[in-house]
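Biologist: Hi! Could you walk me through how some of the helices and strands pack here?
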Amino acid sequence: MTYMTEDGTKPYPLLHPFTYMPEPSAFDSGSPYIRLCRAQGCWAYDEQNQAYLYATTGATSVGLGHPRVLEAIAKQYAALSFASTCAQSHPLAVPLAERLVRLCGGHYAKAFYSADGSGAVESAMRLARQYWIAAGQPKRTKFVSLEGGYHGTTFGSGSVTHLGIREMFGPGLPGCYNAAAPNLYRPPVEGKPEWIVSFCLDHLEETIFEAGPDEVAAVLLEPVQGVNGIIPLPREYLAGVRELTRKYGILLVMDEIGTGLGRAGHWTVSQHFGIQPDLLTVSKGLTGGYFPLTATLLSAEMDRLLFGRGGFFLHGVTLSGHPVGCAAAMAVLDILEEEGLVEHSRHEGDTMLSELKSGLGDHPFVGDIRGMGMMLAIEFVACKESKQPVDDTFGLRLSKLLREAGVLGSFLSGVLTLYPPLTLSQDEARQLTNAVIGAVSRLS
């Protein structure tokens with residue numbers, strides 16, 4: 001028997017993540033969501049064969065349908081479709097971990113595999129707590145993260161995410177504190193950039209004291225806040241956070257789920273700024289969206305205490321270090337290195353950012369244009385002077401115009417974010433920026 005709603009209509013059977021679910025009647029004439037049927041390179045195609053430059057997610061590091069990745073996946077499926085890494089291994093698990101340690105800075109000792117970004121952050125939080133227990137400081141169980149930070153949706157990672165998610169589900173993990181973030185466009189205090197950075201560092205230190213300096217396990221932050229609208233944190237702030245964590249003996253978790261492995265124009269932003277966190281998470285660019293696989297890297301110092309003489313990490317998932325995921329990751333990293341896509345992301349991203357600023361900087365609805373590498377954002381406002389945000393109908397109109405122009409981006413809370421594949425050619429980059437400028441220019 002098929003379930004029917006009270007009004008006799010058939011319900012829509014899929015619950016989409018982070019998506020508003022309309023009334024069942026909205027589906028009477030077909031799905032209200034765009035349905036993609038195939039893709040190649042930087043382009044995705046819907047049921048009507050309409051082509052779109054695909055820039056909605058940071059996962060597509062080497063584009064869609066890349067033959068080298070597909071070949072690596074197919075070969076691995078044929079050879080070994082599954083193998084557990086629980087007291088076992090396979091030929092790709094260790095080489096991939098060694099490669100990640102090298103690419104991400106060299107001061108890490110081990111990589112732990114999870115299945116998604118939330119899981120990678122959750123693993124980092126558990127490693128931090130276990131470290132302090134092993135160090136004889138079991139009271140260090142608390143975490144501090146930043147306003148506007150996004151670290152995931154699991155119980156732990158969601159508790160250190162400060163974007164309204166926790167309020168949807170009730171109380172989260174206790175002992176999670178939030179500090180002011182140096183969003184230079186919407187700062188917590190007015191003044192010059194250096195004043196804002198100083199204020200936020202002072203607030204972080206005050207938050208550490210509020211929690212108890214000897215009870216904080218780790219500070220977590222994204223070097224570029226992604227979900228909050230691609231907000232790069234100033235280099236001076238990141239360096240100041242590292243100094244504060246060392247001052248109070250607190251671990252630093254750098255969440256590079258979105259920025260890592262080329263997306264922000266560097267293998268990691270931490271490396272670029274000369275910062276060595278105790279724990280690092282990477283995810284989206286690792287397998288390019290071809291397979292769910294993430295990694296949490298821990299420093300040599302943490303490794304010596306926790307596992308240098310043997311020991312348990314009593315945490316994991318069934319698919320941890322899946323051989324097919326490792327094969328996909330190795331192929332993606334090959335492409336990134338051999339084709340110079342990290343440098344391409346940096347240089348082409350800078351050019352695209354400059355073009356958007358030149359074409360839209362004076363637009364009455366454009367408040368800020370920012371980005372780093374292939375992470376680009378346009379924040380829209382109803383009034384430039386007051387920075388009053390635009391309403392939801394604005395986003396619907398803009399999204400429609402962008403689709404008509406052949407672009408799939410993401411619009412949330414007044415900000416259009418663009419994450420084009422790192423394989424984007426110069427011609428495709430010009431096509432993308434011209435299409436966005438054209439679509440925004442049509443808004444009245």
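This is a predicted model: local features need pLDDT of at least 70, side-chain atom pairs count only at pLDDT 80 or more; totals for chains, interfaces and linings use all residues.

Biologist: Thanks! Which residues of α1 make the contact?
Modeller: R68, V69, A72, I73, Q76 and Y77 do, and their partners in α11 include V324, A328 and I335. By class, the contact of α1 with α11 has eleven nonpolar, one polar and three charged residues.

Biologist: And how far apart are the axes of α2 and α11?
Modeller: They are 10 Å apart, with α2 (residues 93-103) and α11 (residues 323-338) packing at an angle of about 35°.

Biologist: Left-handed or right-handed crossing, for α2 and α11?
Modeller: Left-handed for α2 with α11, whereas α1 passes α11 in a right-handed crossing.

Biologist: Switching to strands: what is the order in the four-stranded open sheet?
Modeller: The order is β1-β2-β3-β16, with mixed pairing. β1 (36-40) and β16 (407-408) are the edge strands; each has a single partner strand, so one side of each has no neighbour in the sheet.

Biologist: How many bridges do β1 and β2 pair over?
Modeller: Four bridges, in the antiparallel sense.

Biologist: Last one: which strands does helix α14 lie across?
Modeller: Helix α14 (residues 426-441) lies across β2, β3 and β16, and runs at about 100° to β3.

Technical notes:
Residues are numbered from 1 along each chain as its sequence is written. Side-chain values use heavy atoms; hydrogens and water are left out. Axes are lines fitted to C-alpha atoms, for helices over the stretch in contact, and angles run from 0 to 180 degrees between N-to-C directions. Helices (H or I, at least four residues) and strands (E, at least two) are DSSP runs, numbered from the N terminus. A crossing is left-handed if the near helix is turned anticlockwise from the far one by less than a right angle, and right-handed if clockwise. Two strands pair if DSSP finds at least two bridges between them. Contact means heavy atoms within 4.5 Å. Ala, Val, Leu, Ile, Met, Phe, Trp, Tyr, Cys and Pro count as nonpolar, Asp, Glu, Lys and Arg as charged, and the others, Gly among them, as polar.
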